[in-house]
Amino acid sequence: MLDRPASHDDLVDHLVRSTPLQRGEAARVVLDVLAYFDETTEEFVRRRHRELQSGGLSNPDIFLRITHELPRRAVAPPELSLRQLRRIVYG
């Protein structure tokens, strides 16, 4: 079974009770969600840029969409300008 902090046992227990997930699957879901929310702003911007670019969007549309998505993150980062977004992606 996956290692997980004891503090998440109650969440794993809840998922086992409220979903058809087995304990190991529930633990994996918890770890995946925690990893998702552990993503830095820079990692999020780079990942979303790659995803949206592979979907055929142009950079102006990509950066506009990322600008709208960032405040909706669990812990919203400070507002970033289009220039700052480009610098994250291209250095």
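Helices (H or I, at least four residues) and strands (E, at least two) are DSSP runs, numbered from the N terminus. One of them here is helix H2, which covers residues 23-37 and holds Val33.

Before going on, keep in mind that this is a predicted model, where local features need pLDDT of at least 70, side-chain atom pairs count only at pLDDT 80 or more, and totals for chains, interfaces and linings use all residues. Residues are numbered from 1 along each chain as its sequence is written, and side-chain values use heavy atoms, with hydrogens and water left out.

Let's start on the inside. A nonpolar core is a set of buried Ala, Val, Leu, Ile, Met, Phe, Trp, Tyr and Cys residues joined through side-chain atoms within 4.5 Å. Buried means under 20% relative accessible area, exposed means over 50%, and partly exposed is in between (1.4 Å probe, protein chains only). The largest nonpolar core is built from ten residues: Phe44, Val45, Leu52, Ile62, Phe63, Ile66, Leu70, Leu80, Leu85 and Ile88. Helix H3 (41-54), helix H4 (59-69) and helix H5 (82-90) each bring at least two residues to this core. Apart from it sits another core of five residues, including Leu15, Ala26, Ala27 and Val30.

Contact means heavy atoms within 4.5 Å. If we skip neighbours within four places in sequence, Ile88 is in contact with Glu42, Val45, Arg46 and Leu80. With neighbours skipped the same way, Arg48 touches Arg65, Ile66 and Glu69. Arg48 lies in helix H3, and it counts as buried because its relative accessibility is 15%.

Now for the surface. Val29, Val33, Tyr36 and Phe37 make up a nonpolar patch with about 340 Å² of accessible area together. Patches are made of residues with over 30% relative accessible area and no salt bridge, with like charges joined within 9 Å and nonpolar side chains (Val, Leu, Ile, Met, Phe, Trp, Tyr) within 5 Å. A salt bridge is a side-chain nitrogen of Lys or Arg within 4 Å of a carboxyl oxygen of Asp or Glu. The areas come from the Shrake-Rupley method with a 1.4 Å probe, and for residues only the protein chains shown count as cover.

Here are some partly exposed residues:

| Residue | Relative accessibility |
|---|---|
| Val33 | 40% |
| Tyr36 | 40% |
| Phe37 | 46% |
| Arg28 | 43% |

Tyr36 and Phe37 also form an edge-to-face aromatic pair, 5.0 Å centre to centre with 85° between the planes. Rings of Phe, Tyr and Trp (its six-membered ring) pair if their centres lie within 6.5 Å; planes under 30 degrees apart count as stacked, over 60 as edge-to-face and the rest as tilted.
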